Amino acid sequence: MKKIILTGDRPTGNLHLGHYVGSLKNRVKLQDEGEFDEMYVFIADTQALTDNFNNPKKVRDSVLGVVLDYLSVGLDPSKVTIFIQSMISALPELTMYYMNLVTLARLERNPTVKSEIKQKEFGSSIPVGFLNYPISQTADITAFDATIVPVGDDQLPMLEQAREIVRSFNNIYGETLVEPKAMIPDNEVCRRLPGTDGKAKMSKSLGNCIYLKDDSETVKKKVMSMYTDPNHLRVEDPGNTKDNPVFIYLEALSTDEHFKKYLPEYKNLDELKSHYEKGGLGDVKVKRFLYDVIEDTLRPIREKRKYYEENVDLVYNILKEGSKKANEKANSTLKRVKKAMLIDYFD
Ligand code: TRP
């Protein structure tokens with residue numbers, strides 16, 4: 001069986017450090033290792049519209065921002081097909097057919113959808129399109145015969161639902177679709193990075209993100225005002241590193257090299273942590289180190305971004321070419337699906 005990697009992001013704002021450690025970094029690694037047959041990364045604008053249908057400008061404007069994020073972290077269009085979801089007309093068509101295979105109760109049970117419904121305060125007025133998005137996501141995945149889907153852990157219920165739909169489809173219409181597997185980061189802290197305010201998740205709507213496009217000054221401000229251990233009042237006090245976003249970010253991003261370069265009095269993160277836990281290590285010092293680590297991460301990203309920002313035509317061309325390629329693939333899957341469903345009248 002071919003190894004086909006696919007993943008995407010909703011364009012509702014720029015991508016942040018949570019996206020970076022949770023997925024983007026991994027994508028670039030997969031890309032550079034080159035052990036796959038096909039790799040697709042796409043902008044999920046159709047999905048973004050399911051809960052932003054009354055704000056099309058936000059979605060439209062975010063598309064370019066997200067592609068710039070992709071290119072600046074190092075996704076390479078010569079290795080990866082980058083495309084826009086809404087340009088692929090086979091996707092809504094596949095969605096329509098898969099809708100027959102899923103019950104309303106099953107959609108309402110999806111834990112990610114459930115918590116989003118609560119967060120968005122839909123109450124009993126849930127838009128059908130929104131509730132339906134896990135089915136549309138299954139179309140995204142199966143249209144490309146994806147076998148591996150690198151995502152954050154909030155997407156695991158989507159993958160479970162996709163696998164169910166694939167099995168159901170293949171049962172009824174014969175072996176047609178490929179079952180995908182989720183791929184989440186090995187490093188547990190990378191699966192869901194907390195916000196700078198200590199809340200469970202970095203999220204644009206909570207205003208607790210460090211964005212990949214933030215400049216140095218902005219990063220410094222955000223890091224220096226980060227939530228830490230509220231009981232660590234004086235330097236001598238013993239501190240908590242476990243629920244402390246400053247240490248969680250270090251866990252996700254810092255290497256022994258960073259210690260050598262910026263904080264040579266400690267060999268590694270374990271040493272720094274045990275000092276903090278014992279007492280005698282102030283927050284400011286740890287935050288300054290975190291700032292250096294984040295800056296090392298973001299500097300090369302900013303440089304690439306600058307190049308692409310100055311060459312927007314090139315970026316649109318990448319998307320156009322990618323969407324063309326993606327259409328060919330998705331159309332051939334649609335053909336296979338229609339044949340299996342006996343609706344291939346004129347072939
Ligand atoms: N649901 C994903 C998110 O919120 C975006 C997405 C849409 C996706 N379709 C996908 C991810 C298919 C992986 C595979 O970020």
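Author: With helix H8, residues 133-143, which is mostly covered: eleven of its eleven residues are buried. Keep in mind that this is a predicted model.

Reader: Which residues of H8 are buried?

Author: Tyr 133, Pro 134, Ile 135, Ser 136, Gln 137, Thr 138, Ala 139, Asp 140, Ile 141, Thr 142 and Ala 143. Just after H8 comes Asp 145, with a positive phi of about 55°.

Reader: How do I describe the packing of two helices?

Author: Two packed helices are described by the angle between their axes and the distance between the axes. Take helix H4, residues 90-99, against H8: the axes come within 8 Å and cross at roughly 120°.

Reader: What does that angle make H4 and H8 to each other?

Author: Oblique. Angles of 65 to 115 degrees count as roughly perpendicular, and those over 145 as roughly antiparallel. At roughly 120°, H4 and H8 are therefore oblique to each other. Their crossing is right-handed.

Reader: Which residues of H4 and H8 meet?

Author: H4 brings Leu 91, Leu 94, Thr 95, Tyr 98 and Met 99. H8 answers with Ile 135, Ser 136, Thr 138, Ala 139, Asp 140, Thr 142 and Ala 143. By class, this contact of H4 with H8 has seven nonpolar, four polar and one charged residues.

Reader: At what angle do helix H10 and helix H14 pack?

Author: About 150°, with their axes 9 Å apart. H10 covers residues 216-224 and H14 covers residues 283-309. The two are therefore roughly antiparallel to each other. H10 passes H14 in a right-handed crossing.

Reader: Which residues of H10 meet H14?

Author: Ser 216, Val 219, Lys 220, Val 223 and Met 224. On the H14 side are Val 284, Lys 287, Arg 288, Leu 290, Tyr 291, Ile 294, Glu 295, Leu 298 and Arg 302. The contact of H10 with H14 divides into eight nonpolar, one polar and five charged residues.

Reader: Now a single helix. How do I check the length of H9?

Author: Compare its reach with the expected span. H9, residues 156-173, has 18 residues and reaches 26 Å from first C-alpha to last, close to the 26 Å expected at 1.5 Å a residue. Its buried residues include Pro 157, Met 158, Leu 159, Ile 165, Val 166 and Phe 169. Gly 174 follows H9, with a positive phi near 95°.

Reader: Where is Glu 121 found?

Author: In the loop between helix H6 (111-119) and helix H7 (128-131). Glu 121 has a positive phi of about 55° although it is not a glycine. Its relative accessible area is 70%, so Glu 121 is exposed.

Reader: What is phi of Leu 342 near?

Author: Near 65°, a positive value in a residue other than glycine. Leu 342 sits in the segment after helix H15 (312-340). With 66% relative accessibility, Leu 342 counts as exposed.

Methods: Residues numbered from 1 in each chain as written. Predicted model: local features only at pLDDT ≥ 70, side-chain atom pairs only at ≥ 80, totals over all residues. Heavy atoms only, no water. Helix = DSSP H or I, 4+ residues; strand = E, 2+ residues; numbered from the N terminus. Expected span 1.5 Å × (residues − 1). Buried < 20%, exposed > 50% of the residue type's maximum accessible area, 1.4 Å probe, protein only. Axes fitted to C-alpha atoms, helices over the stretch in contact; angles between N-to-C directions. Parallel < 35°, antiparallel > 145°, perpendicular 65-115°, else oblique. Left-handed = near helix turned anticlockwise from the far one by under 90°. Contact = heavy atoms within 4.5 Å. Nonpolar A, V, L, I, M, F, W, Y, C, P; charged D, E, K, R; others polar.
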